[in-house]
Amino acid sequence: MYLLGLDIGSSSVKASLLDAESSKCLATDFFPKKEMQITAHEIGWAEQDPEMWWNNLKQAIKSVMQTANVDKEMVKAIGISYQMHGLVCVDKDLKPVRSSIIWCDSRAVEIGDKAFVSIGKDKCLSHLLNSPGNFTASKLAWVKENEPEIFAKIHKIMLPGDFIAMQLTGESCTTVSGLSEGIFWDFKNNSVSEDVLNAYGLSADVLPRIVDTFSNQGQVLPEIAKELGFSSSAVVSYRAGDQPNNALSLNVLKPGEVATTAGTSGVVYGVSDEVKFDPYSRVNSFAHVNHTKENNRLGILLCINGTGIMNSWLNHNVAKGLSYAEMNEKAMEIPVGSDGITILPFGNGAERVLNNREIGAQISNLNLNRHTDAHIYRAAQEGIAFSFYYGMEVMKEIGVQPNVIRAGHANMFLSPLFRETLATVSGATIELYDTDGSLGAARGAGFGAGIYSSLEEAFAGLEKISTIKPDESLREEMLKAYDRWNKELQKNI
């Protein structure tokens, strides 16, 4: 039997086909080959057309099915990972009434801040585990306030993954995990939040029906199955936001386990069994994929906007003509601490972990007679690793103690310097795995459809590539470099 995993990103969408028995990926592809368009009508806005996701996804699925060349009747289950916090609004014909306001759009910050005050800080944090902030509920309130004619057409609202599932099955539904990431879920009352609905003047009727994260969430429409090249007996049986799904992909399901990503932005995602929150809202708590009423499983999410984008900026603007591997080689020639250079990588918007301050990327202590481009390459990677460690220290305050960090062998984790710096400064062991979001979604679908009897069975074939332990001989010097970095940071916050 075969499992189809879909990953709906903001740059591209990806599909992978997994052999359920051997746990091998038979084919994978993504579209478009250039980054998808993000429209910004005003500064701080970010929108995408949901139909663009769907059209590119259809190309990816068709490509995968043609490449794999398997019995289409044996494709049994579909799992969906998606960019979190986006707002998709559809009418009674289940057609979008406007472009999706996606995760990096910041227009609803003020609306969320007002709701935080009107509902009350203590109630928000104890019931929602977060400020309403700039999340999906606040985005919908912005539409209600600023686009009343469009708001009047809305039949249902959904997250990007809910929209893709609806395109496949014709059914609109969502999960508790999804509602929690939109700040619609009351953890104390185990229900949709009446406080949020009342604060924004919304009706619960606008929300899709709730299904379990791992369950039969709808059978694929016959005409869609025919178009895409697989059986109409296939069911959508799993969906989750990209960060909970990334944790699932790395088999991070138990309290104390931690998953990380370090692409354009970076995320540390730890699992807790306690309903806790950060009183300063520097990190966010959402229902994890295996959260239930009986067994709390919360994902504590730390997001750092300025991580890999710092390295990318250097590659395009300073290291012109050098590959990332060549940048890494030059950086490795420089000693720990980069001979005093400090780089703060926060140049990709306001940082929640810094109390929503936008301090920009900064280079400090540059000596024009001493330092070279290699010093800058190393200082950037150290600065990115130090920003992760800074956030991990915040997570410790609410009970997440990262001793083992799991990550996919991709993006910044391809750099030996970055992963060795992060392991050494944090004191945590890093485990790298051969997986991605689409493969995690496929495995989740296998469990949701009952093809796997447990999540342990679903991830039995997960392949560990390498283990990176802290270098104790360098830790003292690394912590000194971190202290210098942190002092520069404190000057700006």
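**View 1. Glu382 is a buried residue in a predicted model.** Its relative accessible area is 3%, where buried means under 20%, exposed over 50% and partly exposed in between (1.4 Å probe, protein chains only). Glu382 sits in helix H13 (residues 373-396). Helices (H or I, at least four residues) and strands (E, at least two) are DSSP runs, numbered from the N terminus. A polar atom of the Glu382 side chain lies 2.9 Å from the backbone nitrogen of Gly337. This is a polar contact: a pair of N or O atoms within 3.5 Å, where, within protein, one must be able to donate a hydrogen and the other to accept it, and residues adjacent in sequence count only if both atoms are side-chain atoms. Leaving out residues up to four places away in sequence, Glu382 touches Pro335, Val336, Gly337, Ser338 and Thr421. Contact means heavy atoms within 4.5 Å.

Local features in this predicted model need pLDDT of at least 70, side-chain atom pairs count only at pLDDT 80 or more, and totals for chains, interfaces and linings use all residues. Residues are numbered from 1 along each chain as its sequence is written, and side-chain values use heavy atoms, with hydrogens and water left out.

**View 2. Helix H14 (residues 416-426) packs against helix H17 (residues 472-492).** The angle is about 90°, and the axes are 9 Å apart. Axes are lines fitted to C-alpha atoms, for helices over the stretch in contact, and angles run from 0 to 180 degrees between N-to-C directions. H14 and H17 are therefore roughly perpendicular, a term for 65 to 115 degrees; under 35 counts as roughly parallel, over 145 as roughly antiparallel and the rest as oblique. From H14, Thr421, Thr424, Val425 and Ser426 meet Leu474, Arg475, Met478, Leu479 and Tyr482 of H17. H14 is largely enclosed by the rest of the structure, because 9 of its 11 residues are buried. Among them are Leu417, Phe418 and Leu422. Just after H14, Gly427 takes a positive phi of about 75°.

**View 3. Five strands form an open sheet in the order S3-S2-S1-S5-S13.** The pairing is mixed; two strands pair if DSSP finds at least two bridges between them. Strand S3 (25-31) and strand S13 (235-241) are the edges, each pairing on one side only. From one strand to the next, the twist averages 15°. Strand S1 (residues 2-8) and strand S5 (residues 75-82) are parallel, over 7 bridges. Tyr2 has Val75 in S5 as its bridge partner. Helix H6 (residues 160-169) lies across S1, S5 and S13, at about 155° to S5. Helix H15 (residues 437-448) lies across S1, S2, S3, S5 and S13, at about 130° to S1.

**View 4. Strands S2 and S3 run antiparallel, joined by 6 bridges.** Leu17 is paired with Ala27 in S3. The hairpin has 5 residues between the strands, and Ser23 takes a positive phi near 65° there. A cis peptide bond joins Phe31 and Pro32, with omega about -10°. Pro32 belongs to the loop between S3 and strand S4 (47-48). Most residues other than glycine have a negative phi, and most peptide bonds are trans.

View 5. Asn356 is partly exposed, at 48%.
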